[in-house]
Every structure is written in C-alpha cells, then in structure tokens.
Amino acid sequence: MGAGLVVGFEFPLGGRRAVAQQTPGLFTPNQWITIDRDGLVTIVNSVVEMGQGSLTTMPMIVADELDADLDRIKVQQAPANPALYANPMTKTQSYGGSRGVRDHMQMLRKAGAAAREMLMQAAANEWGAPVGEVTTEPGVVIHKPTGRRLPYGALVDKAAQLLVPQDPKLKTPDQFRYIGKIVRRRDTPVKVNGTAIFGMDVQVPGMLIASIERCPDFGGEMKSFDATAAKRVKGVSHVVKVTNGVAVVADSFWAALQGRKALTVRWDEGALATLTSAQISSGYKAASAQKGQQARKDGDAEKALAEGGKIVEAVYEVPFLEHACMEPMNATAHVRADACEIWAPTQNPGGTQQTGARLTGLPANKVVVNTTFLGGGFGRRSEQDFITDAVETSKAVGKPVKVMWTREDDIQHGFYRPATYNVFRAALDPKGMPVAWWNRIVGPGLQIQKGRVPAYSLDATALAGARDMPYDVPNVLVEWVHKDFGIPVGFWRSVGSSQNIYIVEGFVDELAYAAGKDPFEYRRALLGKSPRHKAVLELAAQKANWGAPLPAGRARGIAVGFSYGSYAAHVAEVSVAPTGKVRVHKIVGAIDAGIAVNPDQVKAQMEGGAIYALTAVFYGEITIERGRVKQSNFHDYRMLRIDEAPEMEVHILDSGQAPGGLGEPGVPTVAPAVCNAIFAVTGKRIRKLPLEPYVARRA
C-alpha cells in the first residue's frame, strides 16, 4: 500500500495518538481504518467470522460515520495481538458471548467519525475555508458555498498531519445510510462457490497430516504405546506422544487414520472409568437435598412457602450437550526455532497466540496466528486443545502439520454443556399469583472447572437466566449446589441461559396452569417491572395470533427471556400425533437487540438459533457410560433435518437502545415454548430433555 491516512483511536489503546505515529506510507497494524490515495478504505476487523456476519456489519458501521461508499470498503482480519486488537470491553482477543456488534459498534463509529472530521478539516485547510462550510458525500468532501469537491483519496496526506479528534460528533440514526437497512452478506459468494478458506482447507508447503489417538475415558492417561505396526502403514512418517494422546503423522489423512488404527496404546483409564449418566443424575438428586449457596434472595421465600397457599413443585433435568460444529476441530502449525505460525478456525486468536508461545517457549510476537473462517463456533472453538495438538505435533516432527479431528473425536472429546438438576417450589396466593419462588440448581460450574473463578465462589455461568428471572415475585430464593463429576464442560451457545431459561419458563408455565390462567396473560401480569421483556412477549404473541383457534391436535406454547444484552420471546405451534410423534409446525420469534444494524442478519441469527435449539430439544444428549461418551457421530447424535424444520417468522423490536447480542439470545426460549405447547396438547409436562425418548415411549 502506498501513502495513506491511518486513523487510530484511543479505544481500546488509551491516550491521544501523536501525529508522528500516523506517517503516510507506513502500514501500522494498531489502526482500525486506513484510506489510500485511491480512496479505498480498509478496516481491520478483530471479530472472527463464524457465521454471524461480522464482515458485513462492521464495514456498515464505519461506512455510515465515515460517510464512505460501502462498496469501497474492504475488510482485513486482525492478526492475533491482544495488546492492539483486544475487545474494548473484555480486554481479550477472544470472541464469544455474542460480542461482535455490541462491543465494537461505538468504537468503530467513533473511529469513522474521527476520520471524517479529519478529512473535512484537511479540505477546509486546502480551500482556506471554515470547516463549518464543508460537508461530505460518500467518499467526497464538499465546500457548500462554492460546490468545490475533493475526493477522500486526494486528502489523505494532508489529513494524516492532523491530530485525531478524541470526541468526534456522531451521526444521529436518521442520518444513517446503511445501519438499519438490509445489506447482503459479503461472505456468501465465497462460501457458495467454495473459495472460502476454513481451517480444514489450509495448505502449507511441505505440510503433513496428523490424527490423534486419545484416551477414551475422561481423566485417563497413556501408560505406553507401540508404534511398530503404525509405522509400517504406507505414508506414516512419525508417531509421537503429545499432551492429548498419541499423534500419528502421515502424508495424508487416510494414511494417518490407518496408522492410528494399527497403533497399540495402553491406557490408565483413571478415576472416572466406571462413571455413568445414571450415577451423575442420582448424585445430583442427592446433592439437591443440601442447602446451596445463595445466588439471589428477595424477601423471605422459605417463610412464605411455610405460610402455605397453593404449593407447586417440580424437578427439571437437562443433559450434557456437545457443540457438534459442522467443521470438526482442526489446526495447522509450523514450529521453527525462531518462530511459530498457526492457521486455525479459532474464536480465540489471542489465546491461540499465548498457547503457541507457551508450548514453544517463543515470545508472543514470534507467534503468528492466521484466523480462517470457522465452520461453526458455538463456544467450542474458544478452547485451546486443538491448537495444542497442532503446535506440539509440529514441534515434535519439525515440519508444518495439520491435525484433523474425526467426527467421532469431536463428539467424544468435547467440552460439554453441563447437565444439571433443578428443584422448584412456589406458593400461589388466592388469586393464583406467586408470592414465593424457590429454585435450587445442582451442577458443575464451568468457570470453576477452568480455574477462572475460585472453587467455592458462585459461578455466574451456572446461574444465568435463573437468578435474573424477570418475574415480579415478592419472595425469591435461588440457590446453587456445586457438584462436579469431572466431565469436561464448556461454553455452549447461550451457556447457562440455554438450560436455565428452559427450566424457569417451564415452571412459570406450570404456575399459570395451576392458577387456571392463560400462560401469556399470566407472564404479562408478572412483567410489570421489566418492560422490555413484556414488549417482546406481547409482540411474539400478537404476531403468532395467540389465542386464535388452531386445528384439532395443535397448540401454542410461549416463553420469554433475556441473555447477552437482548430480549427474546418465542411462540411455538406444535402437534402431537397419537403415536407420540411431535411436530413443530411454526416458530414465531420476537427480538429486542437494541439497534438492529442489519435486520436481515438479525433474522438469520434468530432462525439459526431456533434450529440449533430445536436440535437440542429433540435429540441433544451426551450420555456417559464407563467414563466415556456413548455417542460417536451424527447417526446417534442427530441434528434437526430439513424436513423437520418448522415455518419461521422473526419480528424485530427496534428499541433504539445500545446493541445487544444476537448469536445466542435466539436459543434459550425455543425449548420452553415447544415444551409448553406439548403440555397444552397432551397435558404432559416435559421436565427432562431431550424429547426423543419421550416420543419413543409414546410410539
């Protein structure tokens, strides 16, 4: 790139940047916006693209504040460098929690607005005119009194000599040309024509392929291995021990797999070798009799329950779930004496760089991370195990190596959404309204298991959606009993909210029916103190024609929730055949995610979230037998199929508030809406997921 205007910004770096650091002609990666002499704008996007559309929304935001033509903005993926490209809110270069637009929008708006002000000032200086007399059109500065015009590209050298405004004036929503409009996704063509590069597509000269044999039991360790037969397989070049097992390295994936099959490994299966799902469930049940840590206490729920009224009780259970990304885990690494380069579909470029540095002993600035497209993230790709595989194997063989997981590896060696056991009690007054709400949750804390919070603290991920349940009840007690059997757990799409909103919305539905009231009206009456919950609930009900007659054998269920900065509600229209087969005919969703930058992507995220949730509702269950995962592939860990997908509607409530998340808030309210609809049809309350065994029993 030739000479250019490079606009940095204080956030997240802090401090006022000096003019000397913006030397034209130099490309400095700690910058968010670059404009060259041809007027081409390049923005650095630090958010990884895992299907959420960041390659489209980020330039839309910049284009509006910079007043640039969106077609003249290209996007460059940020290299791993947390010191420069960390999320301004989390201070890490790791992406989860639906943090793309909501954490970066304000920063990018200010960066675009600052660049526009500098270009306007440079033009005013050129014309000897007050800056108040100039304005912009896309890519051009205009002197209003004379009509003189200068393209941005002609101003870059002069603008680069100016100080960066630290408090630029932002546009008002009525001035946006792109934000709030439907813009077609930029990554669609390359994903359709096959030229998009995912981690599996990476090719490096001289690269070898590896597959790793892992201990089938959680917590097991390798005692010894015999590589003799494996090395006889044509194409196999190395067999090496790595942290996660034994890596068989070959000139092709097929050869690596054949070598792996020929390998002989003796395992110490460890302390979990006899553990089963039934033992975990019974252990949770026993633990639920213990008093837990208080996560929320309003009034005195125990006293209110002791005082009587109509008492409603229930127990809900959810299973372990696997992420099941379409692209199995993989990473490529080339470790040399003086540097390390990694190619990975990772949600965590900053963590990947740190992993590379830790395993090689190199300084972090000698570890280059190339982030590819991600074939599904859902939280799984924030982990570092697949990065460790590639770095350790490359280091051991002295060549670039791509480590590829099979589907079976992925299903059986993941980081699972925790299984939990949940007890509820509530007391209703004579009018049927709750005066006491008591909820005890039993399960592991994934932040505790990962060592991110102290062992005896409350783990926020285990409580999201439960302790912040929105209903206006005078006496509330939410407790958590930490019970961890050692199954590795991780961040699954919408994390704790995915199971806790299901249980809360199932139980409040039970209260409505116990009170003899309509479940929509019952919720509505209890949401007086949470107007945004109430608004999306009402919108979903209205759009779904709540209360209107349905064909015989069909019913609607409803649920509402908050997660990751957004409010969502769903109405599910369901039928249950005499055989027990459940059919979801229609899903109507409503979302308040603040400003909807690209409404089409908002709908896509909601629809994708609903499909992901329905998969979990019907089929999602990881079972543990003899300390290992029973399921192995899509034949026994099913995905929802096209012919099972319902008709879907998504309605956006643009509250004008700060942007909320989108990738995750569309998931949690689907399961309770479906299960509440099943109750409305059958009278059977679904308190344990998935549905598939229930369907089978009825068949």
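User: Which residues of helix 11 are buried?
Analyst: This is a predicted model, and in it 10 of the 12 residues of helix 11 are buried, so the helix is largely enclosed by the rest of the structure. Buried here means under 20% relative accessible area. The residues in question are Pro349, Gly350, Gly351, Thr352, Gln353, Thr355, Gly356, Ala357, Leu359 and Thr360.

User: What covers the buried residues of helix 11?
Analyst: Helix 11 takes up residues 349-360, and its cover includes both helices and strands. Among the covering elements are helix 3 (82-85), strand 15 (330-335), strand 16 (340-344), strand 17 (367-371) and helix 12 (385-397).

User: How far apart are the end C-alpha atoms of helix 11?
Analyst: Helix 11 has 12 residues, and at 1.5 Å a residue they should span 16 Å. The expected span uses one less than the number of residues. The model agrees with that expectation, with the end C-alpha atoms at 16 Å.

User: What do the buried residues of helix 18 pack against?
Analyst: The buried residues in helix 18 are His533, Val536, Leu537, Leu539, Ala540 and Ala541. An α-helix has 3.6 residues a turn, so residues three or four places apart point the same way. The packing partners of the buried set are helix 17 (519-526), strand 22 (554-563), strand 23 (566-576), strand 24 (582-592) and strand 27 (647-652).

User: Is histidine 143 buried or exposed?
Analyst: Histidine 143 sits in strand 6 (residues 140-143). Leaving out residues up to four places away in sequence, histidine 143 touches Trp127, Ala129, Glu133, Val134 and Arg148. Its relative accessible area is 4%, so histidine 143 is buried.

User: Which side chain makes a polar contact of 2.6 Å with the side chain of histidine 143?
Analyst: A polar contact takes a pair of N or O atoms within 3.5 Å, and 2.6 Å meets that cut-off. The partner of histidine 143 is threonine 146.

User: What radius of gyration does the protein chain have?
Analyst: The chain holds 21 helices and 27 strands, and its C-alpha atoms fill a box of roughly 80 × 70 × 45 Å along the principal axes. With 699 residues, a compact globule would come out near 27 Å.

How values were computed:
Residues numbered from 1 in each chain as written. Heavy atoms only, no water. Helix = DSSP H or I, 4+ residues; strand = E, 2+ residues; numbered from the N terminus. Buried < 20%, exposed > 50% of the residue type's maximum accessible area, 1.4 Å probe, protein only. Polar contact = N/O pair within 3.5 Å; in protein donor to acceptor, adjacent residues only side chain to side chain. Contact = heavy atoms within 4.5 Å. Rg over C-alpha atoms; globule rule 2.2 N^0.38 Å.
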